[in-house]
Amino acid sequence: MSLIVQKFGGTSVADAEKIRAAARRALRAQQQGAQVVMVVSAMGKNTDILVDLAGQVCDDPSPREMDMLLSTGEQVSVALVAMAIHDLGGKAVSLTGGQIGVLTDSSHTRARIQSIDTSRMRRLLDEGNIVIAAGFQGVDQELNITTLGRGGSDTSAVALAAVLGADMCEIYTDVDGVFTTDPRLVASARKMMQVSHDEMLELASLGAGVMHSRSIEFGKKFHVPIHVRNSGVFTDEPGTIIGPISESDDRPVSGCALTKEEARITIEGVPDEPGASLNIFRRLADLNITVDMILQTPGSEGKASISFTVVQGDLARALAAVRDAAAELGAGPISHDETVCKVSVVGLGMATQSGVADRMFRALAESNINIQAITTSEIKVSCLVKREQGLEALRAVHGEFELDRAPAKIVPFEASQKVSQAADLAAVVSGLQAMEDLTVQGCELDDSQALITMSHVPDQPGISADIFEGVAAEGIIVDMIVQGVGADGKTTVSFTVPASEIDSARKVVEELSSKLGGDVTASETVAILSVNGVGIRSHTGVSTRMFRALSESGINVELISTSEVKVNVVVAREQGDSGLRALKAAFADVVK
Ligand SMILES: Nc1ncnc2c1ncn2[C@@H]1O[C@H](COP(=O)(O)OP(=O)(O)O)[C@@H](O)[C@H]1O
Ligand SMILES: N[C@@H](CC(=O)OP(=O)(O)O)C(=O)O
């Protein structure tokens, strides 16, 4: 007998009529022969209302009490959905996270699932019930109620689908599927037929609120087929499948996203020596703060400047940690900016096609938007811009890559679904105990790259577009790009190219610097070390572990770039081999 998990987000159970519609949908699936587990979120904006209430009662609610409060939203909706099913003549039982046996760690408000007990659900399903599970919540060893972080019901649903070996995990929401960007922000956004796990992981962590990024991590790790659909239309029209392959293989960019609430922290005068980054990022990892867009740019007299972004809500805690690190390192001054946001493009295709970054930079320049910082990974380019220009930047980029138009070649829906379903159930079951553990696929060394740095470049719209158009015109594929945060109207741009291309890349950059000003340095003797896997960014300790391993081997990190699936660092070439050995040893316990 088939088993499906149907998750209904807050928008899909916002009122009595929607609750009845959700109940009808589950009953229909059951009548068609499936066992059905529903995972339900709090009604409408109820969680926001509860958060607001807590804020009215006190300034700094305890995380434990916050979880106790927020979990009630889901408890209301599961009971109502069960009643609606009973009223329609069906059999249903609602369960809280604790009643199911969703065991989590004790990090309140952002707990991680450790295991799920399927026995009670199986028994209820076998007795003909629809099981209605409260999303977003679990309990720790002491039976304290925990929550999985805002938006966490998606994660509950995919995790339940994984442990139950479900044939499909349907995510019902208020849009037709996953769009090329948030359709509320860009009217011409287009529904994708399918999107790959890696693309969705990046999009979700960059602000595509339609899915919680940890749920995609689960989906990828346990081969759960995920189908995002609209709860408001009662048709069999497919939504978007999140699976192993991209919608089209002839497009460099699949989607784009805006992360509105970013804050940037910069620490100048950091001693350019092994262990300095570790000192800073270890403290942030200990606080469970996810750090993004880490940029390290060379400064004068052996000092570096390190900038990174955090979500605005984490700014105060991050600043306190950074002040402690700076005091210990003798670094400073520290500055921060809360008026920034991040615009990103994502696509599996950009790993093999050149000319993505420069097109993005040109589109922003043409809208007169200055780029304050850039980071890239194989499948994304992110630019930090002024918050007030974020929306305009997103629209410019969406238009530039013609995301409103369907790609010429689309991989058929059924084909991707079949690949997804070829999951190995045994692997899912054996993965149960260590459900959210970090998976590292491997550590790599690329010693064929060279590094070019342009410093003291005027910090104005169009500079990066000029540089990377020039480089792309020579047919050179740029791998990492890091543009530092400008000081005194000047900025630093560093990037890596294949060592065989260094002369032509240097020529382009030198010609530009003779026009624009700025100094060029090139190093043919660098290596890129990387760690790749799943959940790299959300497991905040990965960069720390990497920096620690390198620092203990006396290796200095020159550049860093991070993504959901990879962290890259540039080091001196002669240290590449020892760096790789150090990383392999450091990650030996989590390599899968
Ligand atoms: N790339 C995207 N594709 C689809 N929806 C998106 C995307 N990015 C952001 N969204 C937003 O996510 C919303 C759905 O998520 P959410 O409001 O959390 O719904 P739910 O209550 O169903 O969980 C959509 O209404 C849409 O505005
Ligand atoms: N109710 C929780 C959990 C959740 O995932 O909700 P939704 O599915 O509506 O995004 C929240 O608002 O964060």
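Where does Lys-409 lie, and between which helices? Select Lys-409 to find out: this residue is in the loop between helix H12 (390-400) and helix H13 (413-421). Helices here are DSSP runs of H or I with at least four residues, strands are runs of E with at least two, and both are numbered from the N terminus.

Before going on, a word about the model. It is a predicted one, in which local features need pLDDT of at least 70 and side-chain atom pairs count only at pLDDT 80 or more, while totals for chains, interfaces and linings use all residues. Residues are numbered from 1 along each chain as its sequence is written, and chains are lettered from A and ligands numbered from 1 in the order in which they are written.

**Stop 1: around Lys-409**

Keep Lys-409 selected. It counts as exposed because it has 10 C-beta neighbours inside 10 Å.

**Stop 2**

Colour residues 3-174 as domain 1, and 256-404 together with 440-590 as domain 2. These bounds come from an automatic or database domain assignment. Taken over C-alpha atoms, the centres of domain 1 and domain 2 are separated by 38 Å.

**Stop 3: the ligands**

Show ligand 1 next. It has 19 residues around it, and Gly-9, Thr-173, Phe-179, Asp-182 and Val-210 come nearest. (A residue is near a molecule or strand if its C-beta atom, placed from the backbone, lies within 6 Å of it.) The shell of ligand 1 divides into seven nonpolar, nine polar and three charged residues. Here Ala, Val, Leu, Ile, Met, Phe, Trp, Tyr, Cys and Pro count as nonpolar, Asp, Glu, Lys and Arg as charged, and the others, Gly among them, as polar.

Then move to ligand 2. The residues around ligand 2 include Gly-9, Ser-41, Thr-47, Phe-136, Arg-150 and Ser-153. Its shell holds two nonpolar, nine polar and one charged residue.

**Stop 4: helix H6**

Ser-153 also belongs to H6, so select residues 153-164. Is this helix buried or exposed? All 12 of the 12 residues of H6 are buried, so the helix is largely enclosed by the rest of the structure. Just after H6, Gly-165 takes a positive phi of about 60°.

**Stop 5: strand S18 and its partners**

Select strand S18 (residues 380-386), where six of the seven residues are buried. S18 pairs in the antiparallel sense with strand S16 (residues 334-346) over seven bridges; two strands pair if DSSP finds at least two bridges between them. Val-340 has Lys-386 in S18 as its bridge partner. Strand S17 (residues 373-377) is joined to S18 by five bridges, also antiparallel, and Thr-376 stands opposite Val-381 in S18. S17 and S18 form a hairpin with two residues between them.

**Stop 6: a sheet of four strands**

Finish at the open sheet with the order S19-S24-S26-S25, paired antiparallel. Its edge strands are S19 (439-446) and S25 (559-562), each pairing on one side only. Four bridges join S25 to strand S26 (residues 566-572), and the bridge partner of Thr-562 in S26 is Val-567.

Key. Expected span 1.5 Å × (residues − 1). Buried ≥ 20, exposed ≤ 12 C-beta atoms within 10 Å, placed from the backbone.
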